[in-house]
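Welcome, and thank you for taking a look at this structure. The short tour below goes through it one part at a time.

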Amino acid sequence: MARNVAQEENIRESKCAFFEADATVTPDILLSEASPLSPVLKSSTVVFFFIYPDLLIRLLPFLSKVADGINGSTRVIATLAYHIPESNNVVECIDEVHDIKLYSKVVI
């Protein structure tokens, strides 16, 4: 679905990429040099999620590492419709019209 939306919006593949990963894999493994996702994650400035709350909660350790600035270039984590609990984030911006929140920090 996300790929279709990107195509409909004429977003070039060089500007947007979609990946699937096992949510049970630890953040250290996903961000390690051996991970095929590592270079992409470390070079991404925005990581966008549209996932159900139970999975989003399970990903908090990963999101915390991605958003810390130490592990790459990520400046913000974005969520649509289902959001990171208030006690686990620092919100940069809220788009109430589209129900999007941008976070500069995720804490566990």
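Let us begin with helix α5, whose buried residues are L60, F62, L63, S64, V66 and A67. The model we are viewing is a predicted one. Helix α5 spans residues 60-67, and with 6 of its 8 residues buried, this helix is mostly covered. What provides the cover? Among the elements lying over the buried residues of α5 are α2 (27-30), α3, β1, α4 (53-58), β2 and β4. Just past the end of α5 comes G69, which takes a positive phi of about 80 degrees.

**The strands**

One of the elements covering α5 is β2, and this strand deserves a visit of its own. Strand β2 runs over residues 76-80, and because 4 of its 5 residues are buried, the rest of the structure largely encloses it. Which strands pair with β2? Strand β1 (residues 46-49) pairs with β2 in the parallel sense, over 4 bridges. Strand β4 (residues 100-106) also pairs with β2, here in the antiparallel sense and over 4 bridges. You can find these pairings residue by residue: T79 in β2 is the bridge partner of F49, while A78 stands opposite L102 in β4. As background, side chains in a regular strand alternate between the two faces of the sheet.

**A buried serine**

Helix α3 (residues 38-43) is where S38 lies. Is S38 buried or exposed? With a relative accessible area of 1%, S38 is buried. A polar atom of the S38 side chain lies 3.2 Å from the backbone oxygen of S32. Setting aside neighbours within four places in sequence, S38 is in contact with L30, L31, S32 and E33.

**Aromatic rings**

How many aromatic pairs are there? The count comes to 2 aromatic pairs. The rings of F50 and Y82 have centres 6.3 Å apart and planes at 15 degrees, so this pair is stacked. F50 sits in the loop between β1 and α4, and Y82 in the loop between β2 and β3 (89-95), so the pair ties together parts that are 32 residues apart in sequence. The rings of Y52 and Y82 have centres 5.4 Å apart and planes at 50 degrees, so this pair is tilted. Y52 lies in the loop between β1 and α4 and Y82 in the loop between β2 and β3, so this second pair links parts that are 30 residues apart in sequence. Together, F50, Y52 and Y82 form one aromatic cluster. Here is how accessible each of these residues is:

| Residue | Relative accessible area | Class |
|---|---|---|
| F50 | 44% | partly exposed |
| Y52 | 57% | exposed |
| Y82 | 31% | partly exposed |

**The cysteines**

Our last stop is the cysteines. How many disulfides are there? The count comes to 0 disulfides.

Notes: Residues are numbered from 1 along each chain as its sequence is written. This is a predicted model: local features need pLDDT of at least 70, side-chain atom pairs count only at pLDDT 80 or more; totals for chains, interfaces and linings use all residues. Side-chain values use heavy atoms; hydrogens and water are left out. Buried means under 20% relative accessible area, exposed over 50%, partly exposed in between (1.4 Å probe, protein chains only). Helices (H or I, at least four residues) and strands (E, at least two) are DSSP runs, numbered from the N terminus. Two strands pair if DSSP finds at least two bridges between them. A disulfide is a pair of cysteine sulfur atoms within 2.5 Å. A polar contact is a pair of N or O atoms within 3.5 Å; within protein, one must be able to donate a hydrogen and the other to accept it, and residues adjacent in sequence count only if both atoms are side-chain atoms. Contact means heavy atoms within 4.5 Å. Rings of Phe, Tyr and Trp (its six-membered ring) pair if their centres lie within 6.5 Å; planes under 30 degrees apart count as stacked, over 60 as edge-to-face and the rest as tilted.
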